[in-house]
Amino acid sequence: MRIKRRHWASVAAPAALALLAVTGCDSTSDAGAKPAATPSPTPVARVCAQPAAGPAKAPAGAVTVDPEVVGDLAAKTRSNPPNTTFWLRPGKHRLDPDRYAQVIPKEGNRYLGAPGAVLDGRKKNQYAFGGSARHVTIGHLTVQRFVAPPDEGVVNHDSADGWVIEHATIQDNSGAGLMAGAHQQVRASCLRGNGQYGMNAYKGGGRISGLVVEGNEIVGNNTDDWERRREGCGCTGGIKFWAVDGADVRGNWVHDNRGTGLWADTNNNDFRIENNVLEDNDGAALIYETSYNAVIRGNTIRRNNWVEGRRQAERGDNFPFATVYLSESGGEPRIKARTDKIEIYRNVLENNWSGITLWENADRFCNSPANTSSGDCTLLVKDTDRCAEPAIAKAPLYADCRWKTQRVDIHDNRFVLDKSVVKCAAKCDRMAVLANYGTYPDWSPYQGERVSEAITRKQHNRWHDNVYVGPWTFVAHDPSQVLDFGRWQATPYRQDAGSTLRARDGG
């Protein structure tokens, strides 16, 4: 599996809620502007503390699995036909002590845990469930203490398609608790305290389509702190998505993860991220990177990025390190999806370290040494070798060889900042659209301010009809251009028409 690096520019560094009503404002785009409506609170999926109980008796026709017999689950899986239901009695179930011992389901198998049923890897087994069988269901079962290697997963280790994971608890494992295949559904489950990812949505040699992640609690993952062990690896998160084409991520509680909450990295497309509660993650709540076409709406996003944002600020980094970070990602009508833009609306962002940053690295494109998604090109260019001089300097490759932050529509959100809560004096109050000065390689057609000009003024990125409470500042074009609300709204930037700002801390 490829290891990714975080892609900052060289100029920067290579739940119900009680919402405060907005009354009055210091600045508006015009005298008759109507403030955006306050988005509704988002309910919290408290799954880990209140897991749904599994069947107390074996369902009709089910094969009963005995926790007193080591290896009973794997053995009975081997000896029974496809489409068998297995009922795991209460107690700790164990596999054979060999590190590679695992359950290899057959197509259509169902594994249901009784109340108190646990499959325990005892820090000896690497994987719990693997193989290529489709349409496997795992429900009401706790899977814990497996030791998958980095970037690999414990449940659905081989990214088989059509699996359903529901009312499960996957916790205290090394690597990723769960991998993903096409048309996988993960519902009402607890992904807690895993060493690297709660889920790693990666399928070697192919794209994942039709992924549903709904009503889960994703908490405390990356306990092994991989970003420090492999600095800049980009290899952690509550959930990491790679090359997923079509995902619905809704109604989840993503909190207290070490690093990013949700991170979509490299040629993802057609995401709907809605009605989630994203809070208290050390890094960004959401990163959408080198990807396309998404709707991000109705989320409650609070107290994120305090650790990583503060760390960067204390290092003197002037990059607007954001809580919602779009990096080389935008809407692309030529790629089929349910939307042809990235639309961010009716979210509440409260007391995070900064807000939304739209960013492009001018030196990151197909075949550039700055493209740390090594070997990948945009979804618009099938033959990566075409992105080379002299052809890259002319249409259509000039546009198609570069991931672009474009067609981003940010509206009807509420942004609240109280610096006394965040405990910051500066650099935690920014909304931004910017790029770096292009410098390399020497054959790059994107040198100079071309990308900075494009992302700021020419690529249809727009804020409007938002409500701001607190001392917000705005960054445009490059990190040196720090603006107050009036300059942000005025020519040449013309952002946040119809929006309101009340600058007093926290409203």
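Biologist: Before that, what kind of model is it, and which atoms go into the side-chain values?

Modeller: This is a predicted model, where local features need pLDDT of at least 70 and side-chain atom pairs count only at pLDDT 80 or more, while totals for chains, interfaces and linings use all residues. Side-chain values use heavy atoms, with hydrogens and water left out, and residues are numbered from 1 along each chain as its sequence is written.

Biologist: OK, the sheet. What is the strand order?

Modeller: The open sheet has 11 strands in the order β9-β12-β15-β18-β21-β24-β27-β30-β33-β36-β37, and the pairing is mixed. Strands are DSSP runs of E with at least two residues, helices are runs of H or I with at least four residues, and both are numbered from the N terminus. Two strands pair if DSSP finds at least two bridges between them.

Biologist: Which strands are at the edges?

Modeller: β9 (153-155) and β37 (482-483), each of which pairs on one side only.

Biologist: Start from β9, then. How many bridges to β12?

Modeller: Two, with β9 and β12 (residues 176-179) paired in the parallel sense. Gly-153 stands opposite Ala-176 in β12. β12 in turn pairs with β15 (residues 197-201), also in the parallel sense, over three bridges. There, Ala-176 has Tyr-197 of β15 as its bridge partner.

Biologist: And around β21?

Modeller: β18 (residues 237-241) runs parallel to β21 and is joined to it by three bridges, with Phe-241 partnered by Ala-264. Towards β24 (residues 286-289), β21 (residues 262-265) has four bridges, again parallel. Leu-262 stands opposite Leu-286, and Asp-265 stands opposite Glu-289.

Biologist: Are the β21 side chains buried or exposed?

Modeller: Buried: Leu-262 and Ala-264 point one way, Trp-263 and Asp-265 the other way, and all are buried. Buried means under 20% relative accessible area, exposed means over 50%, and partly exposed is in between, with a 1.4 Å probe and protein chains only.

Biologist: What does UniProt list for this stretch?

Modeller: An unreviewed UniProt entry lists residues 156-305 as "domain: Right handed beta helix". Such annotations may be inferred rather than shown by experiment. In the model, that span is 3% helix and 48% strand, and its end C-alpha atoms lie 30 Å apart.

Biologist: Switching to helices. Which residues of α1 are buried?

Modeller: In α1 (residues 72-79), they are Asp-72, Leu-73, Ala-74 and Thr-77. Their cover includes β2 (63-65), β3 (85-88), β5 (110-113) and β6 (117-120).

Biologist: What does Leu-73 touch?

Modeller: Leaving aside neighbours within four places in sequence, Leu-73 is in contact (heavy atoms within 4.5 Å) with Val-65, Leu-88, Val-103, Tyr-111, Leu-119 and Phe-129. Leu-73 has a relative accessible area of 2%, so it counts as buried.

Biologist: Which strands does α6 lie across?

Modeller: Helix α6 (residues 450-458) lies across β30 (356-360), β33 (430-435) and β36 (473-477), at about 135° to β33. The axes are lines fitted to C-alpha atoms, for helices over the stretch in contact, and angles run from 0 to 180 degrees between N-to-C directions.

Biologist: Now the rings. How many aromatic pairs are there?

Modeller: The count is 18 aromatic pairs. Rings of Phe, Tyr and Trp (its six-membered ring) pair if their centres lie within 6.5 Å; planes under 30 degrees apart are stacked, over 60 edge-to-face, and the rest tilted.

Biologist: Give me a stacked one.

Modeller: Phe-415 and Tyr-468 are stacked, at 5.0 Å centre to centre with 20° between the planes. Phe-415 is in β32 (residues 414-416) and Tyr-468 in β35 (residues 467-469), so the pair ties together parts 53 residues apart in sequence. Phe-415 has 0% relative accessibility and counts as buried; Tyr-468 is buried at 0% too.

Biologist: And an edge-to-face one?

Modeller: Tyr-468 and Trp-472, with 6.2 Å between centres and 65° between planes. Phe-415, Trp-463, Tyr-468, Trp-472, Phe-474, Phe-485 and Trp-488 form one aromatic cluster.

Biologist: Which arginines lie over a ring face?

Modeller: Among them, Arg-46 lies over Trp-253 at 4.9 Å from the ring centre, and Arg-229 over Trp-226 at 4.1 Å. The rule wants NZ of Lys or CZ of Arg within 6 Å of the ring centre and within 35 degrees of the ring normal.
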